[in-house]
Amino acid sequence: MPLALLDRLSLDTAALHPSDTALHLGGFVTLEGAPPSREQVARWLGRRVAGLPELAYRLGGTTRRPHWEPDPGFDPGRHLYELPGSLDPAAAVTEAVQQPLLRDRPLWGVWLVRRVGAGYGLCYRAHHAFQDGAAAVATLEHLFGDEENRSARVRGGLARRRPVRWRAVLPEFRPPGRNTWWSALDTPPSHRPAVALADTALARLHALGRRLGATVPQLCLALTADTLRAWHPDDWAPGGPGHGRGLRTGMGIGVRDPEEPYPLLGNRVAVAGLDLPCGEPDPGRRLGALARAVDYGRLAALADAQGAVLRRLPYRVGKLSLGRAVDARYTPLMVADLRIRRPLGFDGTPATAVHALPVRVPGQSLFVAWATHRRRLHTTFLADAALPGADRLPEHWEKALTALERLAEER
C-alpha cells in the first residue's frame with residue numbers, strides 16, 4: 001500500500017529534527033494503585049490488538065517508493081516497553097515522549113510507566129506518518145476502553161467530499177506572514193522536550209461557555225492566547241512588538257476519507273491557520289475573534305478543500321512547500337483539540353487522567369493539546385526545554401480561566 005502524501009511529508013519533517021522521536025504522538029493514561037506486571041499488560045494487549053489490523057503494518061519499500069506492508073513477524077509483545085517513571089507526572093510524561101520507535105516493526109508502542117505520582121501510567125505512542133491524532137485516539141479507546149462496543153472508529157473528521165466552495169476558502173491558502181515579535185523565537189532551541197500539565201473540570205468550561213456564548217475549543221484557544229500573554233507580557237504590552245497583532249497558529253483538521261479501508265493507518269490531518277489574538281488587550285474581543293475564526297462551517301469547508309488538494313498534489317510539489325510549513329517564523333505554535341468519548345482504564349481500574357502527547361515540530365517553541373475525558377479537560381503543554389518559565393504555563397492557564405469567569409460575571 002503506497003504511502004499517502006501526508007505520510008511521506010511526515011517522514012520528511014521528522015528527518016529535519018535532530019531527534020528521531022520528534023514526530024511521535026499519542027496519549028498518556030494515568031491510573032491509581034500498584035502497577036500491573038509486564039505479563040498482565042502483554043496479555044491485555046494481545047487481546048485488544050487482535051481487533052486492529054492496521055497495527056500490524058510496517059514501513060517498507062525504498063526512500064523513493066515507500067509503502068505500508070504487513071509485518072510477517074508481527075507480535076504485539078514486541079511493542080511493549082517499560083519505564084520507571086517519576087513522582088512528578090509531568091516529568092514522567094517528558095520521559096515517555098523521548099522514547100524511540102524502532103523502524104523494523106510497525107511504528108507504534110505501549111509503555112508501562114511504573115510510577116506516575118502515587119499511581120502508574122500506560123502510554124501509547126505512534127509515528128505521525130503512521131497515524132494522525134484522531135486515529136491515535138481511536139486506537140487508545142480500543143486498547144484501553146471498556147469491553148462494550150470495542151470497534152475502533154475514527155471520529156472528528158471534517159472532510160466529507162462535498163463540492164468545494166473554492167471562492168470561500170482560497171484566501172485560506174494564502175501563505176502567512178512572518179511572526180517576528182514573539183520573543184520565544186529568539187531563544188535557540190535545545191531540541192529537548194519540557195512538558196507541563198493542567199487539569200480542568202469540564203463543568204467550569206461548560207458554565208463559562210453558556211455565559212459567553214462560546215464552545216469549549218473556542219474557550220481553550222482564548223485561554224491559550226491569555227496564557228501566552230502572561231508568559232511573555234512584554235511582547236504584547238502597549239508599545240511592545242506584538243501589541244495589536246496576532247500570533248499565527250496551526251490547528252489540525254481531519255481530512256480522512258470516510259470510505260478508506262484502513263481508517264487507523266496513515267496521516268490524514270491538514271492544518272487550519274488562525275491568528276491567535278495575543279496582541280488584543282481586551283479579553284472579550286480576543287474571545288470574539290476566536291469565535292469567528294473557529295467556526296465549524298469554515299473549518300468543514302477548509303477540510304473539503306485541503307482534502308481535495310492533498311489527494312491530487314504531487315509529492316515533489318508538497319516537499320517544496322515543506323520548508324515554509326515547518327518554519328517557526330511563519331507558524332510558531334500548534335494546537336490540537338482531542339475528544340476521548342469512551343472511559344479508559346485497565347483491568348477494572350479507571351483512568352484518573354488522559355493527556356495528549358503532541359508532536360514536536362522542528363523549530364517550534366510550543367504545542368498545546370487538550371483532551372476531554374470523563375468530566376475533565378486535560379491540557380498538555382509541550383515546550384522546548386530551553387524556554388524559561390514553561391513550567392508555569394498551567395498556572396497562567398488557571399489564572400486566565402479565572403479571569404474569563406470574572407468577565408462572564410460582569411456581563
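The second largest pocket has a volume of about 590 Å³. A pocket here is an open set of points on a 1 Å grid over the protein atoms alone, where a 1.4 Å probe fits, with protein on both sides within 12 Å along at least five of seven lines. Its volume is the space filled by probe spheres set on the points, which are joined across faces, edges and corners.

This is a predicted model: local features need pLDDT of at least 70, side-chain atom pairs count only at pLDDT 80 or more, and totals for chains, interfaces and linings use all residues. Residues are numbered from 1 along each chain as its sequence is written, and side-chain values use heavy atoms, without hydrogens and water.

**The pocket lining.** Lining residues have an atom within 4 Å of a point. There are 28 of them, and Pro-2, Leu-3, Ala-4, Leu-5 and Arg-268 are the closest to the pocket centre. Helix H1 (5–15), strand E3 (66–70) and helix H10 (296–312) each give two or more residues to this lining. H1 gives the largest share, 4 residues. Helices (H or I, at least four residues) and strands (E, at least two) are DSSP runs, numbered from the N terminus. By type, the lining has 16 nonpolar, 3 polar and 9 charged residues. Ala, Val, Leu, Ile, Met, Phe, Trp, Tyr, Cys and Pro count as nonpolar, Asp, Glu, Lys and Arg as charged, and the others, Gly among them, as polar.

**Salt bridges.** The structure holds 20 salt bridges. Each is a side-chain nitrogen of Lys or Arg within 4 Å of a carboxyl oxygen of Asp or Glu. Arg-268 also belongs to a salt-bridge network with Asp-7, Asp-132, Arg-256 and Glu-260.

| Pair | N to O distance |
|---|---|
| Arg-114 and Glu-82 | 2.8 Å |
| Asp-186 and Arg-329 | 3.7 Å |
| Asp-337 and Arg-339 | 3.0 Å |

Asp-186 and Arg-329 link distant parts of the chain, 143 residues apart. Asp-186 counts as exposed, because its relative accessibility is 52%. Arg-329, at 22%, is partly exposed. Buried means under 20% relative accessible area, exposed over 50%, and partly exposed in between (1.4 Å probe, protein chains only).

**The cores.** The largest nonpolar core has 69 residues, and Phe-28, Tyr-124 and Phe-144 have the most contacts inside it. Helix H4 (residues 133–144) gives the most to this core, with 7 residues. A second, separate core of 55 residues includes Trp-397 and Leu-401. Such a core is a set of buried Ala, Val, Leu, Ile, Met, Phe, Trp, Tyr and Cys residues joined through side-chain atoms within 4.5 Å.
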